[in-house]
Every structure is written in C-alpha cells, then in structure tokens.
Amino acid sequence: MQPKISAFFKRQAPGPDTSSGDGTHMGGTGVTEAKRPKSCTDGKVLNKKRSYAQFHLELGQPDFLLHMCSVCGMMYARGNDDDEKVHKAFHKGYFEGVPFKGWRNETVVVRSEGGDRIILVTDENSCARNSKVQEVIKVVQKELGFGEGQLLHKLCKVYLFISSQRIVGCLVAEPIKRAHKVIPGSAEENCSDLPVDKIESSKTDHTLDFGKISFKREVLKRRDHSDKNKEEYCDPGAIICEEEAVPALCGFRAIWVVQSRRRKQIGSQLMDAARKSFLEGKTLGISQCAFSPPTSSGKALARSYCKTSAFLVYKDQDA
C-alpha cells in the first residue's frame with residue numbers, strides 16, 4: 001500500500017485590538033507585539049545624507065602617491081584639488097611660457113617689429129621684479145637639471161624674451177675670466193657624410209615557427225637626418241676640451257626656451273642681446289663668450305650659433 005500523508009491546518013483565533021491599552025495580549029499568552037519605529041508609524045522616512053570617500057588599492061605601482069607628468073615633469077597627487085590646480089598652472093607655463101603683463105621702466109635691450117622684446121633684469125631690481133624672475137628660474141632649473149638655488153647669484157644678468165604677454169625665453173649670463181676650447185670629436189667630423197632620410201634594415205632574425213610553417217619579420221627604421229636634426233643626431237656624448245685656457249668675458253650660464261617656441265631663433269636673439277649689452281658701451285665677439293657644460297640640445301645650439309664645433313666652454317672655477 002502507498003503511504004498516505006495527511007496535512008491538517010487549524011485557523012487561529014484573531015488577536016485582541018492592540019489600539020487600546022498598552023498593546024499587551026491579555027489572553028494569557030504573555031506575548032508583547034513589537035512596536036514599529038516612529039518613522040514608520042508617522043508615515044515619514046528619514047532621509048539621511050550619505051558621505052562617500054574614494055579609496056585606492058596599493059598594488060606596488062610606482063606612482064601610487066605622486067604622479068609625474070610626462071610633459072612638464074612635475075610630481076603631483078591626482079585627485080587633490082590643490083595639487084591639480086598647481087600642476088595645471090605649472091604645465092601651461094612650462095609649455096606656453098610664464099605669464100607676464102609688463103613692468104614700468106623696463107630695461108629693453110631689443111625690440112622687434114612684431115612687438116616682441118628682450119628685457120634685462122639685474123640683482124639691483126625691485127623685489128616684485130625679482131619674484132617674477134624667480135618664477136621663471138624655477139622652470140629653468142627644473143628643465144635643465146640645476147639644483148634649487150644653484151642657478152642665480154649676485155653677479156648674474158637675466159635676459160627675458162617677451163612675446164604675447166608671456167616669457168618664452170630666458171638667458172642667464174655671468175662674468176668670467178677664461179674658458180676652454182672644445183676639441184671636435186671624430187663623430188662630428190663625419191656628420192656631413194650622413195644621408196638624408198636613410199632607411200635602415202635591421203638584420204636581427206625575428207622568426208616564429210609553428211610546426212612546418214615559419215614567419216619572418218623584418219624591421220625597417222626610418223631616420224630623418226634633416227639639417228635641423230643633424231646636429232643632435234651626431235651628438236658625440238662627452239665633451240673634451242683643451243687644457244690650455246683662453247681669455248673670455250661673458251659666460252652663458254643657462255639658456256631656456258619654451259617647447260612651443262623652439263627652433264625659432266629665440267636662443268640666438270637672446271645671445272645677441274647679451275653680447276651687445278653685457279658690457280656697457282662695448283659689443284662682445286662670439287669668441288669672447290663661452291657656454292657652461294651644455295646638454296645635447298645645448299651643444300647643437302652652441303655649434304649652430306658659433307658656426308664651429310670648437311666653441312668655448314667654462315666651469316665654475318673659470319668665473
């Protein structure tokens with residue numbers, strides 16, 4: 001026989017009206033009805049404001065705390081409003097130039113027809129002018145690798161190139177006594193023999209084998225050796241100078257031009273202005289001026305300006 005399962009349900013008696021009395025069932029069960037929250041019985045819902053916070057996971061990433069901008073090189077904290085604001089201002093000044101509204105009684109050395117001008121600032125100027133110079137110097141120090149406070153001293157003269165109410169170029173000059181002539185390297189002597197737009201094929205064997213099928217890859221490298229890039233391409237690296245020193249009067253301690261205005265002769269115009277005004281009533285020759293140990297782009301500028309690879313270089317001991 002199949003087992004028989006019976007289900008019995010018994011209706012319970014309705015409970016007493018809890019609206020009157022203290023809400024306790026008097027039928028002897030001793031069960032107390034739970035009171036609803038006040039917010040529910042009144043028909044109101046408490047709308048509490050929620051506060052949110054952004055959390056980050058540290059998984060060993062190098063820029064977890066500070067991020068370095070790939071363009072201006074500034075370290076700042078992403079998501080921090082103050083840091084973001086400072087970085088935005090610094091980035092714009094780095095790429096487009098430092099804002100400059102002008103001064104009264106400027107010492108204008110050169111003025112062009114388009115409205116651009118080069119002004120001279122010395123240590124004798126007012127504090128307001130020096131603060132603007134310090135703002136520019138911070139950008140120059142960061143890009144050229146100078147330590148904080150190592151670029152300027154009391155004998156320095158600062159030349160600023162002004163264009164469209166922005167400082168787009170800066171030259172720091174100082175008096176020196178002697179310098180050393182650069183010995184041209186063998187790599188520089190062979191620069192003129194390099195072809196333009198040469199296509200080189202790498203001989204490295206890149207082969208992928210899948211059973212009886214082989215895939216070979218050939219890498220082609222296209223190099224542009226145009227006139228404007230030839231100097232930088234032929235850069236020999238270290239600078240070797242003659243031991244014997246020669247007399248020199250003006251030292252170009254630092255030359256800086258914003259990225260958006262480079263290769264427009266701004267550096268050459270700054271050096272021309274410095275040669276004409278560094279000594280009162282006398283114009284210095286190129287052979288009387290020397291460069292501090294330059295970067296790769298600085299060497300290209302020095303060779304282009306001096307029309308020779310044997311330009312003069314000085315050290316701090318020569319000042």
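A contact here means that heavy atoms lie within 4.5 Å. Among contacts in this protein between residues at least 6 apart in sequence, 62% join residues at least 24 apart. The model is predicted, and local features need pLDDT of at least 70, side-chain atom pairs count only at pLDDT 80 or more, while totals for chains, interfaces and linings use all residues. Residues are numbered from 1 along each chain as its sequence is written, and side-chain values use heavy atoms, with hydrogens and water left out.

**Whole protein**

- The protein has 7 helices and 16 strands, where helices (H or I, at least four residues) and strands (E, at least two) are DSSP runs numbered from the N terminus.
- Of its 319 residues, 30% count as buried, a term for under 20% relative accessible area, whereas exposed means over 50% and partly exposed lies in between (1.4 Å probe, protein chains only).

- The hairpin of β4 and β5 has 5 residues between the strands, and Gly115 in the turn has a positive phi of about 100°.

**Around Ser309**

- Ser309 is placed in the loop between α7 (296-306) and β16 (312-313).
- Ser309 counts as partly exposed because its relative accessible area is 23%.
- Ser309 and Lys299 are 10 residues apart along the chain, and their C-alpha atoms are separated by 8.6 Å.

How values were computed: Two strands pair if DSSP finds at least two bridges between them.
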